[in-house]
Amino acid sequence: MIRNFLIGIVIGIANVLPGVSGGTLAVVLGIYDNLTEAVGNFLTASMEKKIEYAKFLSQIGAGAALGIVAFAGVISKMYELYPKGTTIVFLFLILPSIPVILKGEKFFKKDNLIAFFGGVAFTGAFMFLTKAIAGEEIARTAESLFTIGYGMKLFLCGLVAAGAMVIPGISGSLLLILLGEYYNILGYIKSFAILPLIFFAAGTGIGLVLVSKGINILLNRYRSYTLNFIVGIIIVSLFEIIQTLFI
């Protein structure tokens with residue numbers, strides 16, 4: 001129990017840091033298979049298994065929540081005082097993840113390149129649609145008036161970030177930066193802003209359940225294609241982060 005709680009704290013901290021993958025740390029700490037199984041199969045498992053999964057997930061979840069709350073204020077303050085310096089640090093955290101993800105994979109193989117450019121296209125389209133749908137007016141509500149439209153954007157962010165948390169090598173916080181909500185969410189956690197956090201938490205919870213099983217299947221059956229797709233996502237994200245240094 002204590003071991004799982006401490007592992008949860010480490011994973012929680014990882015999910016606050018852009019470029020650091022909670023999924024990767026779950027692999028390193030030896031709980032990834034158990035975690036994806038518990039989350040992905042919880043709804044369809046027998047009652048006995050549900051109880052077993054619930055105990056395990058509550059231990060990991062409690063630790064992760066503590067790690068997130070404890071470090072949200074620290075990261076938020078760093079960005080407030082040293083925005084460009086903090087961004088550069090995040091870039092150096094992200095860059096080493098690429099060779100780690102592609103270790104042992106034949107990147108220049110035709111099918112893998114197609115998967116890579118698929119990740120690039122997917123992320124580019126996702127960014128475009130998010131900005132087009134949300135627009136500047138909804139983006140401004142993060143600093144002023146909360147609206148249902150902005151709440152739905154937070155729900156979507158939670159859904160996407162939850163999926164990223166499950167994938168080894170990709171950071172949920174990184175995708176939140178891409179979506180323009182990372183520092184807003186840190187602020188909500190720091191100030192305990194209940195309403196926006198409810199929308200975000202709802203998306204995160206649903207995303208974890210729906211995405212975990214699918215991601216696990218993809219990594220087991222199409223590991224090489226999936227990893228190259230993930231690298232495509234990271235490359236586009238890097239350009240998005242670099243762009244913020246010149247604003």
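Biologist: What does the lining of the largest pocket have by class, nonpolar, polar and charged?
Modeller: The lining has 28 nonpolar, 10 polar and no charged residues, where Ala, Val, Leu, Ile, Met, Phe, Trp, Tyr, Cys and Pro count as nonpolar, Asp, Glu, Lys and Arg as charged, and the others, Gly among them, as polar. This is a predicted model, in which local features need pLDDT of at least 70 and side-chain atom pairs count only at pLDDT 80 or more, while totals for chains, interfaces and linings use all residues. Residues are numbered from 1 along each chain as its sequence is written, and side-chain values use heavy atoms, with hydrogens and water left out.

Biologist: Which residues lie nearest the centre of that pocket?
Modeller: Of the 38 lining residues, Ala-64, Ile-68, Met-165, Thr-204 and Leu-208 lie nearest the centre. A pocket here is an open set of points on a 1 Å grid over the protein atoms alone, where a 1.4 Å probe fits, with protein on both sides within 12 Å along at least five of seven lines, and lining residues have an atom within 4 Å of a point.

Biologist: Switching to Lys-77, is it buried or partly exposed?
Modeller: Lys-77 counts as partly exposed because its relative accessibility is 38%, given that buried means under 20% relative accessible area, exposed over 50% and partly exposed in between, with a 1.4 Å probe and protein chains only.

Biologist: And how far is Lys-77 from Gly-187?
Modeller: Their C-alpha atoms are separated by 9.5 Å, although the two residues are 110 apart along the chain.

Biologist: What phi does Phe-192 take?
Modeller: Just after helix 10, Phe-192 takes a positive phi of about 55°, helices being DSSP runs of H or I with at least four residues, numbered from the N terminus.

Definitions and conventions. Helices (H or I, at least four residues) and strands (E, at least two) are DSSP runs, numbered from the N terminus.
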